[in-house]
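Subject: Handing over a model

Hi there,

Here is the structure I promised to pass on to you.

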Amino acid sequence: VTFTEPGLPSGTQWSVTLNDVSHSSTTSTITFQEPAGTYPYSVTAPSGYSASPSSGSLTVSGATTQSITFTIKPVLSRITVTASPSTVVQSTATAGSTITVTALDQNGNPMPGVSISLSATSPGYLNPSSVTTGADGQATATLSLTESITSPVQVTVTAPPSGVSGS
């Protein structure tokens, strides 16, 4: 039985467990000697990657090959913040400003499902103060003021546990 993977960087370790026996490799193949039969397998991906398929059942009848594809897991690398309107004047302080945060991965792609905390300097407040990005990688909150001011209110966003933040 041969497991193959076509895309990991040279020297990257990966492993397969077939019928409770584990083998690992830093090359593109892992080979087992098994008689005919059906066996469970699972794949351990290198850190930062996901495997497909990551597990399954393999029927062995002669030379059998199973291809495994590794994909780099997206990593939150940047948060953008926009405000609309960008200026809230005294007469519209109660109307507030919509704060839109966008979570982006290492390739600039939107990331859904990212939990983001928001805070504002006084007298600004945000509702809600915690959001989760949607399928488009975006989430919104409303910035309101408790009183009229002449200096800017700063909004800070943080996405734990990575600590990526912006303002």
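Below is what I found, starting with the whole chain and ending with single residues.

First, some conventions. This is a predicted model, so local features are reported only at pLDDT of at least 70 and side-chain atom pairs only at pLDDT 80 or more, while totals for chains, interfaces and linings use all residues. Residues are numbered from 1 along each chain as its sequence is written, and side-chain values use heavy atoms, with hydrogens and water left out.

**Confidence**

The mean pLDDT (the predictor's confidence in each residue, from 0 to 100) of the protein chain is 87, and 90% of the residues reach at least 70. Where pLDDT is low, the predicted coordinates should not be read in detail.

**Overall build**

The protein chain has 17 strands and 0 helices. Both kinds of element are DSSP runs numbered from the N terminus: helices are H or I with at least four residues, strands are E with at least two. The radius of gyration of the protein chain is 25 Å, well over the 15 Å that the globule rule gives for 167 residues, so the chain is more spread out than a compact globule. That radius is taken over C-alpha atoms, and the rule is 2.2 Å times the number of residues to the power 0.38. Along its principal axes, the C-alpha trace spans about 80 × 25 × 20 Å.

Of the 167 residues, 34% are buried. Here buried means under 20% relative accessible area, exposed over 50%, and partly exposed in between, with a 1.4 Å probe and protein chains only. Taking contacts (heavy atoms within 4.5 Å) between residues at least 6 apart in sequence, 47% join residues at least 24 apart.

**Two sheets**

Strands of a sheet pair through backbone hydrogen bonds, either parallel or antiparallel. Two strands count as paired here if DSSP finds at least two bridges between them.

Strand 1 (residues 2-4) runs antiparallel to strand 4 and is joined to it by 3 bridges; F3 has I30 of strand 4 as its bridge partner.

The other open sheet I want to mention has 4 strands in the order 3-2-5-7, with antiparallel pairing. Its edge strands are strand 3 and strand 7 (55-60), each pairing on one side only. Neighbouring strands are turned by 30° on average, direction ignored. Strand 2 and strand 3 pair over 5 bridges in the antiparallel sense, and L18 is bridged to V21 in strand 3.

Which residues sit in the loop between strand 2 (14-18) and strand 3 (21-25)? N19 is one of them, and D20 is another. Phi is positive in both non-glycine residues: near 55° for N19 and near 70° for D20. N19 is partly exposed at 31% relative accessibility, whereas D20 is exposed at 75%.

**Aromatic pairs**

The whole structure holds 3 aromatic pairs. In one of them, the ring centres of F3 and F32 are 5.8 Å apart and the planes stand at 80°, so the pair is edge-to-face. F3 belongs to strand 1 and F32 to the loop between strand 4 and strand 5 (37-44), so the pair ties together parts 29 residues apart in sequence. F3 and F32 are both buried, and ring pairs link F3, F32 and Y41 into a cluster. For reference, rings of Phe, Tyr and Trp (its six-membered ring) pair if their centres lie within 6.5 Å; planes under 30 degrees apart count as stacked, over 60 as edge-to-face and the rest as tilted.

**Cis peptide bonds**

The bond from S84 to P85 is cis, with omega near -5°; P85 lies in the loop between strand 10 (76-84) and strand 11 (97-105). N127 and P128 are also joined by a cis peptide bond, with omega about -5°, and P128 falls in the loop between strand 13 (124-127) and strand 14 (130-132).

Best wishes

Notes:
Axes are lines fitted to C-alpha atoms, for helices over the stretch in contact, and angles run from 0 to 180 degrees between N-to-C directions.
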